[in-house]
Amino acid sequence: MGATFLFQARLCLYGLSQSSGIIHLGKMCARTMCTKGIKPGERKSPPRKNDTTIRQTESFKVRQMPSFPTSVFAAGNAKRTTEMLKRKTALASLEQEDAAGDQPRRRGFKTDGLVAPDRPLSPTEWKKQLEEAPCSPERFDVHMMTLLFKTGAELDIAKSLLTFVALETGTMSYQLLLQYLTLCVKGGHDAEALDCYQIMRGAFPALETGASSLFIKAFSRTESWREALPILRDMKKVIAPSTRNYSDIISGALLHGAAAPAWQLYDEVLGEGLTPLPDTWRALFEGGARGGRAEEEGGMSPAEYGERLLGVLGYMRDNQVYPERNLADAIKTWFHSLPGHHWRGEWTTVSPKGVCKGCGSELESIQLTPEEYTHLEARVMADIIQGKDVFQKTTAEELESFKAFVKRKPVFDVVVDGLNVANIVKGRQSEMLLAVVCELERQGLTSLVLGRKHMLRPSASWDRRNMGLIQKKAHCFFTENTSEDDPFLLYATLHSGNHCRFLSRDLMRDHKACLPDALTRRLFFKWQRGHQLVIHGTVAQGRRVGFQMISPYDTIVQSTGVSWHVPYDDSVDRSSYEVPQSWLCLTNKP
Amino acid sequence: MPLEMMGLFSRRVSVELWRLWSVSGTRHFSIGTFPTGQVCSSRSFSSGRYLRTDASQPDQGDKIDLDLWKSVMRSQTAVDESIEEDKEQVKKGDSTDSPSGCVLAATRELVSMWRQAGKLVPDKITDEDVKTLAELTTKSSKKKYLKFLAIREGHKNKSKEKQEKKRAEREQRLAEFPETLENRPPVKNSFLMQYRDHWLDRLLGWRGAQAMNFGQPLVFDMSYEAHMTPQELTNSVSQMLEVESCNRRSLDPFHLHLCNLQPEGGYRQQLVKRYGEDAWDRLLITETPQRHVDVFPQEQLVYLTADSPNVLRTFDPSKVYVVGAMVDRSIQTGRSFATAKRLQMATARLPLDQFLRWEIGAKTLTLDQMIRILLTIKDTGSWEQALAFVPKRKHDGFYQEKRQSERGGTAARDRGDRYPQRDQRERQGSAREPWGAGRGGQDRGVSGKGVGMAWEREYKQPVTRIRSSQNSTSEDRRRTDKTRTPWYQQD
């Protein structure tokens, strides 16, 4: 697998530097893109030809390896790493054996011994079944219906069962009808579901949430989708309807050309603070591509509809939503269908330097604006380090002394998470840390090493000489053994300014979770992607340390007016803290 | 008998009727019971035509009228509706529909429909529970709450049933042998004087009083109310009851201090409610809203917390140990340790890692386990006996073979437990600087005077009712092999 990565990485690089045929990874000296002064709005300029020369003039540089596809934030990386680790520990083989040995889990033991008939039975035959059934006779009907649902039996069989029950008892339990309804809706027998609605409405004083959801689904697929609205209203009295309910009605409305009510419901979903389902968005985009019937009641003018859809893209941008492939398809189709424009969509990827391979334009920078930066710095101090109780992660005196330390020292270029870096190689921790510090020193960077006080106690893994050298080559701060060092790392990095990076393998998810609101968390994640250095590959003794490249562009839905770039999710392995690598590039070329 | 007959009859009737129905349409027919004898309402349908009793057997398959059930249900609806209309009129008459009442009614209706849909829902639900239910925001939380109520109801019903059964049995016995003067069971004659319960209570009371005068204090820090959910608070109050009873019954009780117990707080309210006003007043413990650092001298206090870097090696009778009275179902790492840090108290954790082969679970213990461990270590001085109260599921026995090998002279140096010099040095350090001594070693003791030696003694003579391991058995075998060969045959 490693070989393929290397190969892919080379391929990427190949695309970058057309002049030199063979690239030596070790010599590759990609400069990081410190776009401190550049604001997102200014980035409409065409791609610069002579990229490297411009960037070399900028002050900060760390020798980096290309980020694609091994960056810790690339989609699927976490999954790959776990698989690799599993294989290493030979756990994988064991697990596979387990999986092979495991029988499919037995569920619904109550239906054991029951046999679902393969044709509709007459009541006499049902009676015979009932007498032979191993379960209790009162529950026979429900168990049999469950079995029919599980085996995906035909609707007629279920009907014959209902007839038998109706004849036998003169009535039917709500549960039985509910199961029958599930069968209808699953099989797409909407007319039958509507009949069922009439009957259940008449026979029972109210409907519970399960039946309501099923009816909403069934009604939304038919002409009489408006019937679903009162059901939704009834549901709201006791319970907040789920996004699935809303999604069903919205797609039903759009299917029948009623755009205005659909958008009204969409607003309602947002008003409730819910995140709309991808299916909802897809329905909206597909509805837009079909074109609304503006003249009709409930219709909407195409221009207005388009505005709203752009609003949806804005929502995705604000909430860092990455659409899945089928939704991206719908978006593309909608853009293609826009009359009077010549939108062209293309599935593409982005070069490590942040240039779209489809249209050649440069993507938005990952750097925060100054306001965002100060906001994040304040929040990190208040929520991550101090929190509700300063003593939870540190002590008040220690925090004060650290603040004084940071103020006293010059501005750092790199802050090193000492324990995290050292523990990459078990057994000779101090050597590893020393190697990293030496490398940073060789590159002429001011670095700060954060650690805990127990590192200063000489032992096999913490060699006294090595520790002495480290303290000479870099600034050091050692926290109490009972304090956490990560918050200090974040604070020192943020305090040193936008050019400062931190070096750690830790993804800081527990610290991100301390931030109270989603907006700040997203800001933190954006900052983290732009400022976290990770050691590349394994570090052999006596060899230079390389770092993974930081991607200079932000992975987010973005537009320049003449183009749209939508990152979409095409891998199933993406964890929530990773960003997709594939893009939909839309350009408007007259 | 009659029921069964009825069942047979109705079944036959319905089959007959079905035959008629499927061929020639509806007739007058009645529906009886399922075989179990559950009587259902019988309904009648009529149409203009007569029964044709000589109808032929229906063909199976296509000719079955599959939508028959619909007409049955619809006709039932017609009957029900007329009843419901009456009901609604009554309802409208007497209820003044406030919005909150409307929500409650809708919630109640939802519960009843969920019950019909076969969900786990209690049969009866009080107004208070409905109110709590309506306040829950999500569907899953509602379902969970109803499940909890249903399970509780099940337990209640079970115990009620048992009581009824017992009562019935007793009544039957009384009816058979009425308790008269002649019939009374004979008085037991014994040379031993009967020991009465209140004598024991009095004895325990004396012990408690003595502990309050001369006993070693043990502090429970009740300041974590804000960090617990209502459920967790209830649990911790239950555990506190157990703590108190355990302490009361022990041979040499602690003098329990409940510090930081706010008079108006939920903690105290629940405690008083559980004990009863009188029993709470008579309890031989000290409660105070003051902090422990204000009650006891700083250098005596040791906070017991799982997050402490220091291991408690020996139990020191001159110290005052503090236990945080908190139940955290979702573990809150470092909560009580933060308190200790803020108040600059010495901290310690139990030597779980040193004695137990830990397997799963956090190293947090319940309050009643804590007091059992502390009482035992105080009485016996043996950690093996004390740590027997750690739940068995969390560990796989005590370390034994290691200690045997240490006895044999191949001591593992990494334990760091057996260096009296270092102990001495660290003890001095900890006496001077209760917290934040700068060195912060992994194994700084909180021990008192001369305990290092006592520790050594105990450590070398472990209690042997501990599960043996592979290692030790092989060692034993080797030893026995040696004894089998006589000395003169050995080299």
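A residue is called buried when its relative accessible area is under 20%, exposed when that area is over 50%, and partly exposed in between, with a 1.4 Å probe and protein chains only. The model on your screen is a predicted one, in which local features need pLDDT of at least 70, side-chain atom pairs count only at pLDDT 80 or more, and totals for chains, interfaces and linings use all residues. Residues are numbered from 1 along each chain as its sequence is written, chains are lettered from A and ligands numbered from 1 in the order in which they are written, and side-chain values use heavy atoms, with hydrogens and water left out.

Select B:Gln344 to begin. This residue sits in the loop between helix H11 (335–342) and S6 of chain B, where helices (H or I, at least four residues) and strands (E, at least two) are DSSP runs numbered from the N terminus. B:Gln344 is partly exposed, because its relative accessible area is 42%, and its phi is positive, about 55°, although it is not a glycine. Most residues other than glycine have a negative phi.

Now move to A:Gln320, in the loop between helix H15 (302–318) and helix H16 (325–337) of chain A. Its phi is near 50°, again a positive value in a residue other than glycine. Is A:Gln320 buried or exposed? A:Gln320 is buried, because its relative accessible area is 18%.

Next, display the sheet of chain B, in which six strands form an open sheet in the order S3-S2-S1-S5-S4-S6 with parallel pairing. Strand S3 (286–287) and strand S6 (346–348) stand at the edges with a single partner strand each, so one side of each has no neighbour in the sheet. Two strands pair if DSSP finds at least two bridges between them, and four bridges join S1 (residues 217–221) to S5 (residues 320–324) in chain B. Select B:Val219 to find its bridge partner in S5(B), which is B:Val322.

Return to chain A and select helix H7 (residues 155–169), whose 15 residues reach 21 Å from the first C-alpha to the last, close to the 21 Å expected, the expected span being 1.5 Å times one less than the number of residues. Of the 15 residues in H7(A), 14 are buried, and just after this helix A:Gly170 takes a positive phi of about 85°.

Finish at A:Asn466, which is found in helix H21 (residues 464–473) of chain A and counts as buried because its relative accessibility is 10%.
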